[in-house]
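I am opening a notebook on a structure that is new to me. I will look up one thing at a time and write down what I find.

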Amino acid sequence: MILRSERVLSSLGIPHCFTLRDPSCPGFNNVAFQFGPTEDVLACRAAALHEIGQDPAHLVLASQCHGTRIHRVTAEHRGCGALTDESRLSDADGLVTDVHGLPIGVQVADCCCLLMADRNGQAVGAFHAGWRGTYHGMALKAVTCFDKEF
């Protein structure tokens, strides 16, 4: 099962989703390799990404570290973290890109997920903010990054 932000991101035509735990799905719809069998995680990721029209093999994820580092994602990063944890980008809790159709993501459990887009929907960002990232200003750093990069 997924949720979407109909008010803002959908109005800009930006494909996005939040996955939810679902006991009717394999592995409760878990999308993190550290909490389930690889085949179940890949199936859950594929289901969510296909539902929003994205190729699951193109997903980009980073190794999250409960900090405020943000990576700018380019087309060359396509697929980093999609199929294995070992292929994720290096430590970062935020990803931004202006590459059309390139899915980026963060994983959260009891932390906050911030999704951001510029006014034209040409650039997007996904940010993970636990208590440390929140305390150290992840939201402000995300906005500052957008201002600087796009």
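Before I look at any pairing, I need one rule: two strands pair if DSSP finds at least two bridges between them. I also note that this is a predicted model.

**Entry 1: the sheet**

I looked up E3 and strand E4, residues 94-97. They pair in the parallel sense, over three bridges. I picked out one of the partners: Arg72 has Val96 as its bridge partner in E4.

I then asked which strands make up the sheet, and in what order. Four strands form an open sheet, and the order is E3-E4-E6-E5. The pairing is mixed. I checked the edges next. Strand E3 (70-72) and strand E5 (112-117) stand there, and each has a single partner strand, so one side of each is left without a neighbour in the sheet. On average, neighbouring strands are turned by 15° against each other, direction ignored.

**Entry 2: the antiparallel pair**

I moved on to E5 and E6. They run antiparallel, and six bridges join them. Cys113 stands opposite His128 in E6. I followed the chain through the hairpin of E5 and E6 and found six residues between the strands. Gly121 in this hairpin takes a positive phi near 70°.

**Entry 3: Gly94**

Is Gly94 buried or exposed? Its relative accessible area is 1%. Buried means under 20%, so Gly94 counts as buried.

I listed what Gly94 touches, leaving out residues up to four places away in sequence. The contacts are Arg69, Ile70, His71, Ala126, Phe127 and Met138. I took a distance for one of them. Gly94 and Arg69 are 25 residues apart along the chain, and their C-alpha atoms are separated by 6.4 Å.

**Entry 4: salt bridges**

How many salt bridges does the structure hold? I counted three.

I started with Asp98 and Arg72. Their side chains meet at 2.8 Å, N to O. This pair links distant parts of the chain: Asp98 lies in the loop between E4 and E5, Arg72 lies in strand E3, and they are 26 residues apart. Asp98 is partly exposed, at 37% relative accessible area.

Then I took Arg72 and Glu149. Their closest N and O atoms are 2.7 Å apart. Distant parts of the chain are linked here too, with Arg72 in strand E3 and Glu149 in helix H3, 77 residues apart. Arg72 is partly exposed, at 33%. Glu149 is also partly exposed, at 29%.

I put these two pairs together. Arg72, Asp98 and Glu149 are linked in a network of salt bridges.

I also looked up Asp85 and Arg88. The closest N and O atoms of this salt bridge are 3.7 Å apart. Asp85 counts as buried, at 17% relative accessibility. Arg88 is partly exposed, with a relative accessible area of 25%.

**Entry 5: aromatic rings**

I searched for aromatic pairs and found one. The rings belong to Phe146 and Phe150, and their centres are 5.2 Å apart. Why does the pair count as edge-to-face? The planes stand at 65°, and over 60 degrees counts as edge-to-face, so the pair gets that name.

I checked both residues for burial. Phe146 is buried, at 8% relative accessible area. Phe150 counts as partly exposed, at 33%.

**Entry 6: helix H1**

I ended with helix H1, residues 38-51, and tested its length. At 1.5 Å a residue, its 14 residues should span 20 Å. The end C-alpha atoms are 20 Å apart, which agrees.

I listed its buried residues: Val41, Cys44, Arg45, Ala46, Ala48 and Leu49. The buried residues of H1 pack against strand E1 (2-3) and strand E2 (18-19). Just after H1 I came to Gly53, which takes a positive phi of about 75°.

Methods:
Residues numbered from 1 in each chain as written. Predicted model: local features only at pLDDT ≥ 70, side-chain atom pairs only at ≥ 80, totals over all residues. Heavy atoms only, no water. Helix = DSSP H or I, 4+ residues; strand = E, 2+ residues; numbered from the N terminus. Axes fitted to C-alpha atoms, helices over the stretch in contact; angles between N-to-C directions. Buried < 20%, exposed > 50% of the residue type's maximum accessible area, 1.4 Å probe, protein only. Contact = heavy atoms within 4.5 Å. Phe/Tyr/Trp six-rings, centres within 6.5 Å; stacked < 30°, edge-to-face > 60°. Salt bridge = Lys/Arg side-chain N within 4 Å of Asp/Glu carboxyl O. Expected span 1.5 Å × (residues − 1).
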